[in-house]
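Work through the exercises below with the sequence and the model in view. Each task is followed by a stepwise solution.

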Amino acid sequence: MEQKILSHQQIQHKIRRIAYQIYESNVNEEVIVLAGIDSNGYILAKKLKSILSKISTISPILCKVIIDK
């Protein structure tokens, strides 16, 4: 039996809330760097960049961090 921690809608809400928190903490900045660890972290950073671009005048720069395990 598969258990879900959060639904798709709840995840989208959490990501949007994180984007707003980033904006609120950096409201006076013109540019911020979002660095996501390769794979899932980068996907999250891309989603945050997309939302930040819509809700603020901050210009987010996206970086992928690749770690050699």
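**Exercise 1: Contacts of Ile55**

Task: Which residues does Ile55 touch, not counting residues up to four places away in sequence?

Solution. The model is a predicted one. Leaving out residues up to four places away in sequence, Ile55 touches Arg16, Ala19, Tyr20 and Tyr23.

**Exercise 2: The largest nonpolar core**

Task: Find which residues make up the largest nonpolar core, and which element gives the most to this core.

Solution. Step one is the membership: the core has 11 residues in all, namely Ile15, Ala19, Ile22, Ile32, Leu34, Ala45, Leu48, Ile51, Leu52, Ile55 and Ile58. Step two assigns elements: α1, β1 (31-37) and α2 (40-55) each give two or more residues to this core. In soluble globular proteins, nonpolar side chains tend to be buried together.

**Exercise 3: The whole chain**

Task: Describe the order of elements and the share of buried residues in the protein chain.

Solution. The protein chain has two helices and two strands, which run α-β-α-β from the N terminus on. Of its 69 residues, 20% count as buried. Among contacts with a separation of 6 or more, 68% come from residues 24 or more positions apart.

Notes
Residues are numbered from 1 along each chain as its sequence is written. This is a predicted model: local features need pLDDT of at least 70, side-chain atom pairs count only at pLDDT 80 or more; totals for chains, interfaces and linings use all residues. Side-chain values use heavy atoms; hydrogens and water are left out. A nonpolar core is a set of buried Ala, Val, Leu, Ile, Met, Phe, Trp, Tyr and Cys residues joined through side-chain atoms within 4.5 Å. Buried means under 20% relative accessible area, exposed over 50%, partly exposed in between (1.4 Å probe, protein chains only). Helices (H or I, at least four residues) and strands (E, at least two) are DSSP runs, numbered from the N terminus. Contact means heavy atoms within 4.5 Å.
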